[in-house]
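User: I'd like a close look at one part of this model, please. Take me through it in plain words and then show me what surrounds it.

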Amino acid sequence: MRSSYLFTSESVSEGHPDKVADQISDAVVDLFLGKDPEARVACETMVTTQRIVLSGEIRCRGVYDEKQFPDTHGWAPGARDEIEQVVRHTIKRIGYEQAGFHWQSASFENHLHGQSAHIAQGVDATGNKDEGAGDQGIMFGFAVDETPELMPATLFYSHKILERMAADRHSGAAPFLQPDAKSQVTLRFDHGKPAAATAIVVSTQHSKGYDEGDQEAELHAYVKRVVADVLPAELLSDDTVYHINPTGSFEIGGPDGDAGLTGRKIIVDTYGGAAPHGGGAFSGKDPTKVDRSAAYAARYLAKNIVAAGLARRCTIQLAYAIGVSEPLSLYVDTHGTGTVEDSALETAIGRIDKLGGLTPRGIRTHLQLNKPIYEPTAAYGHFGRKAEGDLFPWEKVDLVDDLKAALA
């Protein structure tokens with residue numbers, strides 16, 4: 001590892017158009033899982049000026065069944081209206097009541113339809129065949145000791161800046177803020193540890209007038225106060241460079257300013273570029289899709305390895321084939337920071353019975369993923385969040401003793 005280097009990560013707010021789409025898709029996932037824990041959902045959302053469009057494939061007992069409800073194209077009475085209500089509520093919660101995108105008046109189209117029978121036959125458990133993965137692919141998990149949450153510091157602080165701004169917007173403490181925003185944090189690292197913030201970028205949608213004069217100065221001063229509250233004081237100095245709304249005016253934002261699509265912020269969702277990514281998005285997918293559940297499992301394993309003191313930095317890769325239950329491969333890389341061989345960690349993971357062999361069913365059972373817990377994941381990152389109740393179970397560090405026992 002280089003002794004000194006700069007690294008940068010970005011985040012986007014809950015009002016960013018792509019994140020609006022992610023939150024809508026996960027709100028739909030939660031709606032279906034709340035009615036049927038075995039629901040199959042692949043929901044894609046597109047948002048643009050005064051328009052919301054859903055597409056994708058579903059299967060859900062009592063909600064969508066082409067045989068049970070043939071006269072309504074498979075939809076149970078009232079189900080389509082309920083989906084629309086959930087979508088509009090999500091947009092209202094985010095805070096969009098603008099002429100170019102309003103939760104109440106935007107047009108809505110629902111093009112969800114039944115899951116392909118050919119996909120279902122590969123995924124469903126039948127006879128002696130266990131449930132298979134919902135698709136092929138590779139998934140990565142990562143953890144590093146740069147923050148107490150074992151996340152890359154650049155991404156963690158990028159998220160926290162926007163979370164604080166959103167909280168102030170919702171509470172009324174910063175009424176000049178509008179929902180759309182982006183942040184970016186550049187840190188200098190010395191010997192692998194964050195040493196100084198060299199640059200902070202924040203672009204935020206704002207009310208009319210906050211791009212000039214005293215109001216612009218108020219906005220800039222506010223952003224700097226948020227950064228000072230969020231980042232450790234030792235990282236900030238007079239040498240830290242701020243770029244606040246560097247293009248000038250940012251009144252038109254959100255889906256009115258730029259179309260949004262589900263799954264376009266996969267680096268923001270994961271590790272901010274500090275770790276590899278397999279390419280699969282999370283939002284809009286039920287947990288039989290290993291793009292989601294196996295990525296959560298990989299984070300869970302990597303975080304527990306670092307939390308156990310077995311490494312300072314850990315990357316894990318899993319690979320699956322559609323319709324096949326067992327993972328094709330498990331790879332552990334502690335980047336030279338491990339206290340035991342990486343191959344020993346791979347063997348130890350395989351010895352932990354509670355993980356269910358890291359099959360899709362085993363992951364879902366251990367982490368209890370068949371619940372409506374996904375909308376909160378769809379903004380400010382899926383990782384580095386506080387495990388509380390049913391939420392973010394992959395962030396628990398309850399595997400530490402099991403890993404140490406398996407290594408003994």
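How do the residues of the lining of the largest cavity divide into nonpolar, polar and charged?

Analyst: Eight nonpolar, five polar and one charged residue make up that lining.

A bit of bookkeeping before we go on. This is a predicted model, where local features need pLDDT of at least 70 and side-chain atom pairs count only at pLDDT 80 or more, while totals for chains, interfaces and linings use all residues. Residues are numbered from 1 along each chain as its sequence is written, and side-chain values use heavy atoms, with hydrogens and water left out.

Now the hole itself. A cavity here is a set of points on a 1 Å grid over the protein atoms alone where a 1.4 Å probe fits but cannot get out, and a lining residue has an atom within 4 Å of a point. Grid points are joined across faces, edges and corners, and the volume is the space filled by probe spheres set on the points. Counted that way, there are four cavities of 30 Å³ or more. The largest one holds about 100 Å³. Its lining has 14 residues, and Phe140, His277, Gly278, Phe282 and Ala295 lie nearest the centre.

Which elements do those residues come from? Strands (E, at least two residues) and helices (H or I, at least four) are DSSP runs, numbered from the N terminus.

E7 belongs to an open sheet of three strands, ordered E7-E12-E13 with antiparallel pairing; two strands pair if DSSP finds at least two bridges between them. E7 and strand E13 (329-333) sit at the edges with a single partner strand each, so one side of each has no neighbour in the sheet. On average, neighbouring strands in this sheet are turned by 15° against each other, direction ignored.

The pairing can be traced residue by residue. Eight bridges link E7 with E12 in the antiparallel sense, and phenylalanine 142 has threonine 315 in E12 as its bridge partner. On the E13 side, threonine 315 stands opposite aspartate 333. Strand E12 (residues 313-320) and E13 share five bridges, again antiparallel. Helix H9 (residues 342-351) lies across E12 and E13, at about 135° to E13; axes are lines fitted to C-alpha atoms, for helices over the stretch in contact (heavy atoms within 4.5 Å), and angles run from 0 to 180 degrees between N-to-C directions.

For a point of reference, the second largest cavity has a volume of about 60 Å³. Its lining includes Ser13, Arg169, Thr204 and Tyr380. Helix H4 (153-171) and strand E8 (177-190) each supply at least two residues there, and the lining divides into seven nonpolar, three polar and one charged.

Conventions. On a 1 Å grid over the protein atoms alone, a cavity is a set of points where a 1.4 Å probe fits but cannot get out, and a pocket is an open set with protein on both sides within 12 Å along at least five of seven lines; lining residues have an atom within 4 Å of a point. Ala, Val, Leu, Ile, Met, Phe, Trp, Tyr, Cys and Pro count as nonpolar, Asp, Glu, Lys and Arg as charged, and the others, Gly among them, as polar.
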